[in-house]
Structure formats: C-alpha cells, structure tokens
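Trainee: I have this one open on the screen. Please take me through the cavities and the helix packing.

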Amino acid sequence: MVTADKLNELQLEPEVPELDLSWLNLDTEWGVSAEPGRKGLTLQQINKSLYGDIPATSEDSSARPRGAAPPEGATPRMTPWVLGDATETFSDSAGLLYDEAVSRQWSSATDIPWDTMDELPEDIERAMVQLCTSLTEVEFIAGDVPGKWLPRIAADHFESGLFLMSQVMDEARHTDVFRKRALANGGGLLLQGGGGGLRQILEAEDFTQMSSMLHILGEGFVQSLFRLGELIAHNEAEKRIFRLAAQDESRHVAYGVTHLKYTLENDPEKAEEVHWTLDMFENTLVDPDQANPGLAGALVYLLGDGDVDEGWRLFWHVRRKQVLEYLHRLDVAGLSGRLESGRLHPALAGALDEN
Amino acid sequence: MPESDVVKAAKERLEQSGLPSDWLDIPVHWGVKAKEQATPENGGLRFEYLNVDVYGEVPEHWDNNTEIPRGAVPDTRTEQMGYSIFDKAEVWSDLCAGLYEDAIAERWNSSADIPWDTLEPIGSDMERAVCQIATLMSEYGWTKAQTTGRWLQEISYGYIEVKLFLGTVVFDAARLYEVWRKRALSNGGGLGRGGRNWKFLPLTQSYTFSEFCVASIMHDSMLLALLRHGEQLAQTEAERSIYELCQKDIERHLAYFVDHMRYLMLKEPVRREEIHRYMNKAEWYLAKDGDDTLYSALGVIMGDGREGAEEAMADVAELRREQIETYLGYLTECHLGDREDRLNEELRKWAGIAPEEEVEKIPV
C-alpha cells in the first residue's frame, strides 16, 4: 500500500520559473491608446499607427500578432504555406465586417418566433422542407470552406482571418436554422440537393477564385433570394429566418466584393483568372445535369403558393434580380463587362430579358 | 403512407410544367414537430429538440461522403466532398448540441460588453506586463481558431452537432484573439513579444481529431487555470470582465473535449496508448517552449512591478502548479487518470511531483 505520508513525502515544491525581464525593454511602438466610441471599442479604433499598417507581403507563418516583437531564439514554421501576399486574402472592409458580425449575432433558438408557424397545407409544407433540405446542405459546405482556408491566412492580415472565423459561425447557424425549420412543423428532411457547384468551391486551391465563387456568385444568389423571402415565407418565423440570414449573407458578399476589389487594384492581371473561374462556375450553376431537382421545383411551387405558372413568373423575377445584382457586384469590384462582352453564361444573360 | 390528393395534384402541376416532382414522392417522416418543445422556459427551439425519430439517430459509422443532411434521402449523383471522419467514436460527445446552443446564448461582444472606460493608467511596468500577457493570449486565440477551423472540412454531416459546436469554438477563439489585442492597444501600451510557438505544433500537426483534442485539453486547461486567477491579475474592471468572459468560453470548450475523450476511451480503449503518445508529444513541446515571458509577466503583475517580481515568482510557480493539476484533473475525467504517472519530467517539476524514478521506489 502506498501511504498518504509517503505520497506527501513525494510532493515537492513546484519549480520556480526563471525570471526574464528583457521583454520590458522592447523596441515596439509604445503609448498607443484608444477610446471606445458609439459602438464600443471596435477594431477600427485600435488600428492605429504601426499596428494599423497592413504589410503588402508577410512571410510570417507564426501566430505572432501584427506589431508584436519577434520572439528570441528559433521558432517553428506553423503551416506549410501561408498566403502572405495581401492581394490573396485581404479586404479593406474585413475588420469592419467582423465587428458587424459580432454585434449582429442572433440565435435560431430564441430569435425566431417558432410559435407563429401554424400547420401548413401538406403540399406547401413539403415544398418548404424540401427547400430547407437543400439550404441546410448549401450552408454546410459554406462553413467548411472558410474553415479550410483559416490556417493559410497570415496573422499579419488578421482582419480577413477574423472575418472568416465569423463566417464559420454564421454558416453554422444557417445550417442549423434550416434544419430546424425542416423538422419544426410536421415535415421532415427530403431529397438531397446533388451538388450544384458546391464541390467546385470546396476544391478551389486559390483563395480569390474560391471567394469569387462562394462569396460573390454563390452567396450573392442566395442573398438575393433571401431578400425576397417574403415571397416564399408563409409565416412570421420563416420571414424572420430569411431576413436574418440575408443580413448575414450581405456581410459575406461584401467581403467577397471588397476582397476582389483590393486584389484587382493591386494585381490587375488576376482579372482574367477570375473571369475563367466565373465562366466555369456559372456553367455549373445552370448545367441541367448539376441542377438540384428538389430545389427548383420546391422554389417555384412556394413562389406561386401552389400555382406553378405564377411560380415560374416569380422565379424568373428572382433570377433576373440575382443576375442584375451579381453584375453590379462585379462592377463594384472592378470586374465589369461580363454581360457586354458576351462572357456571361447565356442562360443567365437570358434571365435579363424576362420581366 | 398513401399519397394525399393535394400531393397528387401538386405533382401533376409540376410535371405539366416540366419541373421535377420526385421530391414529393419521398416517404417523409411526417409529423416531426420540434417546435412543440420550443418554449421560452426550454430556451426556445434548441438543437437538442430536433433529435427525434430518424433525425436523432447518430450512427456509429456514417457512410456518405457528401454533404447530405442526416435523415435526408440521398441523390446518388452527388460528388464526394472529401470528408475523412466517418466514425462516431472519433468526434462524438452527447453534449455537443447543448453546448452549441449555450455558446450562442452566452455570446458576448468585445466592443460593447467590456467596460473599456474603466481602464486607467497603471504604471509602465504593469502596463507592459499586461500587454505581454495580452500578446500571448492573442496568439493562442489565433492558433486555436485556425487549428479548430481546419477540422471542419474533415467531419461528415452525420455528426452535424459536433461541427456546429466547433463553429462556436472558432468564433470564441476569434474573440479571444481580438479582445486581448484591444486590451493591449487601448491603455497607453502596445503589443509585447511574440511567443516561440513551439508548444502549438501538436495542434497544427495533428493527424487525427482525437490527437487535436488531447492537445487542446492541455492548452485549454492551462489557460483556464490562469483565467481563474483573473480577480487577482486584473488591474481594472475591464480586464476582470475579459478574464471572466474568456473563462466561460474555455470551460465550454473543455466540456466538449473532455466528454469526447471520455467517449473515445469507453468506445475504443485500445487507443489509450496511442493517445498517451500524443500527450507525450504535446507535453514535450510545452516544456521545451517554456512560456518564459508569460510567467515573467505574471511575476511582474503579482509583484506589483519589476522590483517585486523576483519574490512573486513563488506565487507564479504555485499558479503554474495549478495549471498542471487542472490539466491532470481533466484527464482523470476522461478516464486518463494514469497520466500523472507518465507526465513529462519537466512538467512534473512544474507541478511539484517527484520524478518518476522516485515514485517507483515506493513499496506497493
């Protein structure tokens, strides 16, 4: 038997750490302070002097915060490669969008008035849960993608990293809220969507290409749809879901647009590469073989509230709005002319002729 | 279930219009009404309440490599999405869904929820010490978000609750990064010296999720023990809030990591030695890294300035001992209580535990 006395005997004084005060005399910028403003203490308010200088390139793969002094001694490489060129990931708005994301978080458990959902006619309930099945899938991938890229973001460009971290959270909530809607009102989950370009976003090996597909085209289309959620929703709960999710998507789209703008301003040669990416992704989105069989049918059915002809009319109204807003976003980002040059996929260009 | 007239009519209308109607043929699990549990007293419609009928059946092995939602009907044309985790034992904890909702309910905002206006000049040495700690906290937040985020693309939808919860971990870690950066840059100081980062390698290099989890248990429990001293370390109300809010977040993360490892040890006890190897590695890097600037900065704060730092190092040593005890305590909770016998020799010194060869001399 080991006795308590014996164990006590083996309990030693803890070793005292060595005291090293060399960090008290660092040559870093000192005397920086910030006052909270109307929205509190935001990232913008602390982005001052040296700490606000965004390096055009960073070779630091460590976690060292921008502006901190380097450690003494050898340090390991934290990731095999880091996207050190600011044109690869940066956006002037990333910090602002992160701050906004933090202040606009919502809860799918308590901020949706679930009690406003009355029993719906069977066909409408089925159409709604089919739409939600497709949407929970889409949002699932939309959360995987920023997660994949996080380890490659340079700590010197932390604003983009923080934004992507907030996107991971937003997409978790979207995955969750559409699953909740599917299971909340007597329906269930229906038919899987079948890809629809999600794989292309996931497999992209260039951040700007990925962002053009995910943030600008993919989430742009989703945002345009959610903003018309009033046309689809049948109760206050569904309206609120679309409204809150659209608000989140707006931030993601804004990041994509401002990132592309920053990239094209600093690396104009990237434009053709992005055009190629969009050529490919537009083609996937309208390819009948890639089409999500449940999504289109359910959407048309819901838009027309069971009247399929009316649903089609409204579908084209939605599609036209999606394409117009997409082209506008590209204009803002500095990638104009896809329509005029005939580069926009004909199936999307054709939507502009619809009324 | 016989097809109702309304569904038949809907199919006809869709088919006449050239639209697919297969989705109306799916034998749904009709009647699942999770909303019935969504009362204010129950915390609204929490994710746990969705886990009914087939939707709540979390399989031991998930055999679909697409993004198909658990409980939906597969479309066999869908491309594989590259997930690599298909076994429940590798990621699961029954607590996930609840912790996910708790994280959202307990969310906070570093801009508005910290009383920044309580910051006041605290003297140069103290400010530098606080800023040095803030720098290292930011580093860990950054690393934690990056390394947690990378696992999302590995975990299949079968374990959706885990992914949702990890999403909150990423977001909490972002806040850990930025709240401490804000502290460093808001009170007349600036950032200090970056850490050497060797200790983070077990997080960045992990090949399996459970390897990542044990490394996270080590880092998070060390951090938690430090955050629990917030009352003693904080110089202002603002810092007190930061310590307190970060502590809540880290406690949630640990609840998951520990419960998952407990689950793994019960389901796959054969992996015990493998897990010990991961801990050997994590501890070795931690010991080698040393975190000197952290403990020295704590010495300055506990000593109320550089003059008192030398004397305060005994208190710092005590805090470091608590860190190791906290780590070992959490390991005991996940059926890895034998770790104390195998703890890294350097960490044994930190904890004041006799070297292993001394322990072996005890007659049993």
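Trainee: Which element gives the most to the lining of the largest cavity?
Mentor: α4(B) does, with 5 residues. Keep in mind that this is a predicted model, where local features need pLDDT of at least 70, side-chain atom pairs count only at 80 or more, and totals for chains, interfaces and linings use all residues. Residues are numbered from 1 along each chain as its sequence is written, chains are lettered from A and ligands numbered from 1 in the order written, and side-chain values use heavy atoms, without hydrogens or water.

Trainee: What is the volume of that cavity, about?
Mentor: The largest cavity holds about 260 Å³ of space. A cavity is a set of points on a 1 Å grid over the protein atoms alone where a 1.4 Å probe fits but cannot get out, and lining residues have an atom within 4 Å of a point. Volume is the space filled by probe spheres on points joined across faces, edges and corners.

Trainee: Which residues are closest to its centre?
Mentor: The lining has 16 residues, and those closest to the centre of the largest cavity are Y140(B), K199(B), L223(B), D291(B) and L294(B).

Trainee: And which elements of chain B give two or more residues to that lining?
Mentor: They are α4 (124-149), α7 (209-227) and α11. The labels follow DSSP runs from the N terminus, with helices (H or I) of at least four residues and strands (E) of at least two.

Trainee: How does that lining divide by class?
Mentor: The largest cavity is lined by 11 nonpolar, 2 polar and 3 charged residues. Ala, Val, Leu, Ile, Met, Phe, Trp, Tyr, Cys and Pro count as nonpolar, Asp, Glu, Lys and Arg as charged, and the others, Gly among them, as polar.

Trainee: How many cavities of 30 Å³ or more are there?
Mentor: The structure holds 6.

Trainee: Which residues make the contact?
Mentor: From α4(B), D125(B), M126(B), A129(B), V130(B), Q132(B), I133(B) and L136(B); from α11(B), T293(B), L294(B), A297(B), L298(B), V300(B) and I301(B). Contact means heavy atoms within 4.5 Å. By class, the contact of α4(B) with α11(B) has 10 nonpolar, 2 polar and 1 charged.

Trainee: What about α11(B) and α12(B), how do they cross?
Mentor: The axes of α11(B) (292-302) and α12(B) (309-333) come within 8 Å and cross at roughly 120°. That makes α11(B) oblique to α12(B). For the wording, under 35 degrees is roughly parallel, over 145 roughly antiparallel, 65 to 115 roughly perpendicular, and the rest oblique.

Trainee: Which residues of these two helices meet?
Mentor: Y295(B), S296(B), L298(B), G299(B), V300(B) and M302(B) in α11(B) face A309(B), A312(B), M313(B), D315(B), V316(B), L319(B), R320(B) and Q323(B) in α12(B) as contact partners. The contact of α11(B) with α12(B) divides into 9 nonpolar, 3 polar and 2 charged residues.

Trainee: And how do α3(B) and α9(B) cross?
Mentor: The axes of α3(B) (96-105) and α9(B) (237-267) come within 10 Å, crossing at roughly 170°. That makes α3(B) roughly antiparallel to α9(B). C96(B), L99(B), D102(B) and A103(B) in α3(B) meet R252(B), A255(B) and Y256(B) in α9(B). This contact of α3(B) with α9(B) has 5 nonpolar and 2 charged residues, and no polar ones.

Trainee: Change of topic: where is A271(A)?
Mentor: In helix α11 of chain A. Leaving out residues up to four places away in sequence, A271(A) touches L264(A) and L335(A). L83(A) is 188 residues from A271(A) along the chain, and their C-alpha atoms are separated by 19 Å.

Key. Axes are lines fitted to C-alpha atoms, for helices over the stretch in contact, and angles run from 0 to 180 degrees between N-to-C directions. On a 1 Å grid over the protein atoms alone, a cavity is a set of points where a 1.4 Å probe fits but cannot get out, and a pocket is an open set with protein on both sides within 12 Å along at least five of seven lines; lining residues have an atom within 4 Å of a point.
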